[in-house]
Amino acid sequence: MGAQIKLAIENVSKDFIRNDEIIQAVFEVNMNIKTNEFIVLVGPSGCGKSTLLHMVAGLIRPTSGKILLEGKEVVGPGPDRSIVFQQSALYPWLTVSKNIEFGLAEQKISKNERINIVNKYITMMGLKGFEKAYPHQLSGGMQHRVSIARSYAVNPDVLLMDEPFAALDAQLRMVMQEELIKAWIKEKHTVIFVTHSVEEAIYLGDKVVMMSRRPGRIKSIIDISGEKLLSDERRHKQVNEVMITEEQFTPLRAKLWDMLREEMDD
Amino acid sequence: MVLAPRYIMKKIEPFIVVLSLLIIWEMVSALNLVSPIILPEPSKILKSLYNMLFTPVGGATLIVHVWASLEKFFIGFLVAAFLGSFLGIWMGWSKRVNSVFAPFFEIIRFIPPVAWISFAILWFGMGLAAQSYIIGIGAFIPALENSRQTIKLIDPIYIQVARVFGASDRTIFWKVLLPAGLPLLIAGVRIGMGIGWMCLVAAEMISRPTLLGGEGLGYLIETSRMTLRSDYIIGGMLLIGVIGYCLDVAIRYLEKVLCPWRR
């Protein structure tokens with residue numbers, strides 16, 4: 001049973017113009033992402049990984065090349081791809097419930113069903129009791145959970161995460177990673193996750209895509225799903241069972257870290 | 001010297017300057033160091049204010065003056081706040097609209113409202129409309145300027161998020177830009193309100209320049225100037241200050257009600 005190609009990135013490049021100078025942010029990236037795969041993009045800062053993610057989201061257009069979602073070219077943002085930004089980017093004037101409901105309001109879903117969906121994610125993200133709170137009344141970690149719930153709520157085919165936990169402290173980060181895996185096991189999502197943390201990449205990903213420094217291109221794709229369990233199998237397991245063991249983790253981290261360091265040295 | 005305990009001092013402190021000034025002022029006047037025309041004492045001003053409630057000055061009692069001022073203020077201010085915010089938002093939203101109107105307002109904004117008096121009379125005659133117009137000009141520019149900046153200052157990520165969820169331009173305007181900008185919008189209206197209220201005296205100087213009839217606090221001050229009633233003048237000034245403060249408190253309260261997400 002060969003998994004289908006969900007997302008195809010074909011020869012995608014992106015140039016920016018800054019002070020009359022052309023900066024190549026992303027250069028000829030090719031990648032095929034299968035349905036329900038968990039892809040993690042790692043690379044040195046400024047390597048264009050966020051740019052690539054924003055192109056998949058449709059927020060910016062590639063200078064050349066194509067991004068195909070189930071064979072159809074991506075030309076703009078859409079609710080089939082939901083993005084979680086580095087900042088929680090919640091609307092401060094909406095309560096927690098209303099923030100989560102925001103994306104749903106754009107879809108043709110009855111009010112009752114919307115409330116059900118919102119409640120489901122409020123429970124899943126441990127936000128019960130805070131439905132009527134405004135974002136500024138929540139801790140940073142809770143704000144992130146609301147932000148993630150908002151993205152889950154629209155039930156996107158592809159979930160894009162742009163260093164979503166970068167601003168969190170170490171403990172909270174662990175908790176959020178676990179929550180993410182839990183949710184991913186329960187829901188069906190294809191995930192593209194950007195991080196600069198090698199540990200996070202190994203912990204979360206089926207495949208780790210290592211990017212080179214600018215102009216960002218793919219240096220190598222490391223399939224670590226074999227070291228853990230295959231995606232489809234992981235889905236039936238409990239969180240602690242999908243966790244990678246210490247013996248598997250250490251060499252992987254060394255390998256990835258070496259690759260990353262090569263890109264950081266001059 | 002024995003001072004009151006600290007906690008009492010803290011309560012008194014804010015009033016010390018005002019109270020001392022009032023006491024010195026009262027004493028200076030009571031000792032006849034200056035003529036009451038140049039500086040009437042505070043107690044006399046309060047008494048005069050009270051008397052004006054029953055005795056008409058310049059053809060109207062105090063309540064009528066206050067009401068007349070509020071009426072022209074609200075007409076001018078409300079129209080200006082609405083038009084200014086509306087146009088400002090439109091200019092902030094559309095680069096094209098902005099480029100059409102911006103040069104005009106870049107110049108208009110430096111013309112003081114008082115300078116409009118002659119034209120206000122020419123266009124509207126010497127009545128309520130002309131006076132409201134002067135007040136409106138004062139309130140209009142800050143409302144416009146703030147709302148124009150508001151739209152530009154909104155964090156683009158709010159719009160990106162909405163786009164990701166497939167929101168239309170219309171939804172983005174009503175559900176994202178407007179609530180995101182509301183606090184700043186109200187701030188602009190609030191500044192405009194202060195300036196508009198301060199234009200009151202100028203505006204009312206063009207009510208009827210006779211001693212017979214005419215209503216409003218500015219008119220009260222003008223007419224008292226001609227009769228050398230310093231106590232009425234200061235009383236009128238004081239009332240303008242106090243009412244201005246009350247209006248400001250009201251709009252701050254409105255902001256709290258309209259923007260409950262702000263602490």
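In this predicted model, chain A and chain B bury about 1900 Å² between them. Carbon and sulfur atoms give 71% of that area. On the chain A side, Trp93(A), Glu106(A) and His136(A) lose the most area to chain B. Together these residues make up 32% of what that side buries. The contact draws 23 residues from chain A and 19 residues from chain B.

Polar pairing across this interface was examined next. The count of salt bridges between chain A and chain B is zero. Polar contacts are present, however: four residue pairs are found across the interface, both partners at pLDDT 80 or more. Two elements of chain A give two or more residues to the side that touches chain B, namely strand 6 (81–84) and helix 4 (140–153). Strand 6 of chain A gives the most, with three residues.

Chain A itself contains nine helices and 10 strands. Of its 266 residues, 56% count as buried. Among the contacts in chain A with a separation of 6 or more, 70% join residues 24 or more positions apart. The accessible surface of chain A comes to about 12200 Å². Carbon and sulfur atoms account for 49% of that surface.

The largest nonpolar core has 96 residues. Met31(A), Leu52(A), Tyr91(A) and Leu217(B) have the most contacts inside this core. Helix 3 of chain B (residues 62–93) gives the most to the core, with 10 residues. The surroundings of Leu52(A) can be listed in detail. With neighbours within four places in sequence left aside, Leu52(A) is in contact with Ile9(A), Val12(A), Val26(A), Val29(A), Met31(A), Leu41(A) and Met211(A). Another core, of 50 residues, lies apart from the largest one. Its members include Tyr121(A), Phe165(A), Leu180(A) and Ile222(A).

Lys132(A) counts as exposed because its relative accessible area is 73%, and the cut-off for exposed is over 50%. Lys132(A) and Arg61(A) are 71 residues apart in sequence. In space, their C-alpha atoms are 37 Å apart.

Notes. Residues numbered from 1 in each chain as written. Chains lettered and ligands numbered in written order. Predicted model: local features only at pLDDT ≥ 70, side-chain atom pairs only at ≥ 80, totals over all residues. Heavy atoms only, no water. Helix = DSSP H or I, 4+ residues; strand = E, 2+ residues; numbered from the N terminus. Buried < 20%, exposed > 50% of the residue type's maximum accessible area, 1.4 Å probe, protein only. Contact = heavy atoms within 4.5 Å. Areas by Shrake-Rupley, 256 points an atom, 1.4 Å probe, with all protein chains shown as cover. Core = buried A, V, L, I, M, F, W, Y, C linked by side-chain atoms within 4.5 Å. Buried area = accessible area lost by both parts, 1.4 Å probe. Salt bridge = Lys/Arg side-chain N within 4 Å of Asp/Glu carboxyl O. Polar contact = N/O pair within 3.5 Å; in protein donor to acceptor, adjacent residues only side chain to side chain.
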